[in-house]
Amino acid sequence: MKRIKLKGRGVYQDYDGLKEDVFFESTTENGMTTNHIYYEIDGKGYGYTLEFANDLNEAEYQGRKVKLGKIMQGDVKKFKVYVKNKGIQTKNVGMNSFEYKLDEKVDETKLLDLVKKLNDDPNVHGILCQLPLPKHLNEDMIINTIKPDKDVDGFHISNVGLLNTGQKSMVPCTPLGCLMLLREFVGNLEGKKATVIGRSNIVGKPMSQLLIEESCTVTVVHSKTKEIEKVCSQADIIVAAVGIPELVKGDWVKKDAIVIDVGINKTDKGIVGDVAFDEVSKVAKALTPVPGGVGPMTIACLLKNTIECFKRSQKK
């Protein structure tokens, strides 16, 4: 296979969305040459274009600094890059970010007391608790102790209920980032067939709800779904968020589908997503790389949600 990157970050003139890397693939088999063009959706580049400056400047004008409280517990080495990037980006946009590092064996009462303290602090506008929590802690209880209007992750049961009934809520960062990329690349999503792989509370379920609100026809597949590859092959949009390295193969994807890969998996050959990139890039119209696709959008949406929490606090 001959793979040539076209000059610059070019797009065709009839495409009026993201300025993405365009790749040209030429495959010759039995003397026949097949050409395929696909786009790599650059989450990092798009994340940098989100406008935070006006809101942050307004906050500083009022003599206040937007502040995010991050609670980290246990071994965060597996989240090292993500945690580091969150710290860098909050600083880059002029936001205060404070980490509260707790031992893996932290007492549940101590963690709840910290959450309540941050809830009551008027100078803290957003709170996140890095998941997953150690097994001895009641994850649902701790998440639901965070005030809904400081819940930058959108995991509180009140925000989940609002989202699922089509009302204004804090939206989980990763699904929100995926939706932003789809809106920018595809434009109007109405009537598109979308398949979400995975049914987690963090990505799968909220992602499906967001796509329903965009008037997509949504199918959620999971470990118990029969003929999962057949279901996926009918989709215009696939969002893979299941945590299985390179699960989605080329023959799962119909020609010119849009594929969003949420997965980030450590393997012997390095970091890979839930999508077999080399295979899927031969048939998809566009897909997100791993890393550099959804991850940066998750961080950008975390900042967006924190600023939204700040703005809501000013209306009280």
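Predicted model: local features only at pLDDT ≥ 70, side-chain atom pairs only at ≥ 80, totals over all residues.
**Overall make-up**

The protein chain has 316 residues, and 46% of them count as buried. It contains eleven helices and 13 strands. Among contacts between residues at least 6 apart in sequence, 67% join residues at least 24 apart.

**Helix α4**

Helix α4 covers residues 108-120, which makes 13 residues. At 1.5 Å a residue, the helix should span 18 Å.

L111, L112, L114, V115, L118 and N119 are buried. These residues cover an arc of only 155° around the axis, which means that they sit on the same side of α4. K110, K117 and D120 are exposed on the other side.

What do the buried residues of α4 pack against? Their partners are strands β4 (67-73), β5 (96-102) and β6 (126-129), together with helix α5 (139-143).

The N-terminal end of α4 is capped by D107. A side-chain oxygen of D107 lies 3.0 Å from the backbone nitrogen of T109.

**N119, a buried polar side chain in α4**

N119 lies in helix α4. Its relative accessibility is 7%, under the 20% limit, so N119 counts as buried. A polar atom of its side chain lies 3.0 Å from the backbone nitrogen of K147. Leaving out residues up to four places away in sequence, N119 touches I127, T145, I146, K147 and K150.

**The cavity**

How many cavities of 30 Å³ or more does a search of the whole structure find? It finds one. The largest cavity has a volume of about 40 Å³. Its lining consists of I127, L128, C129, L131, I143, I146, D151, D153 and F155. Strand β6 gives the most to this lining, with three residues.

Two of these lining residues, I127 and I146, also touch N119. Strand β6 is also among the elements that the buried residues of α4 pack against.

**The second largest pocket**

The second largest pocket has a volume of about 430 Å³. It is lined by 19 residues, and those closest to its centre are D140, F155, V160, N201 and I202. Helices α5, α6 and α8 (204-213) each supply at least two lining residues. Helix α6 gives the most, with five.

V171 is found in the loop between α6 (157-164) and α7 (173-186).

Leaving aside neighbours within four places in sequence, V171 is in contact with D153, G154, L163, L176, L210 and N305. The C-alpha atoms of V171 and F155 are separated by 8.0 Å, and the two residues are 16 apart along the chain.

**Backbone details**

| Cis peptide bond | Omega | Loop holding the proline |
|---|---|---|
| L131 to P132 | about 0° | between β6 and α5 |
| V290 to P291 | about 0° | between β13 (286-287) and α11 (294-314) |

Two residues other than glycine have a positive phi. S215 has a phi near 65° and lies in the loop between α8 and β8 (217-221). Its relative accessibility is 41%, between the 20% and 50% limits, so S215 counts as partly exposed. E227 has a phi of about 55° and is found in the loop between β8 and α9 (228-232). E227 is exposed, because its relative accessible area of 52% is over 50%.

Terms used. Residues numbered from 1 in each chain as written. Heavy atoms only, no water. Helix = DSSP H or I, 4+ residues; strand = E, 2+ residues; numbered from the N terminus. Expected span 1.5 Å × (residues − 1). Buried < 20%, exposed > 50% of the residue type's maximum accessible area, 1.4 Å probe, protein only. Arc of directions from axis to C-beta. Contact = heavy atoms within 4.5 Å. Polar contact = N/O pair within 3.5 Å; in protein donor to acceptor, adjacent residues only side chain to side chain. 1 Å grid on protein atoms, 1.4 Å probe; cavity = no way out; pocket = protein on both sides within 12 Å on 5 of 7 lines; lining within 4 Å. Points joined across faces, edges and corners; volume = space filled by probe spheres on them.
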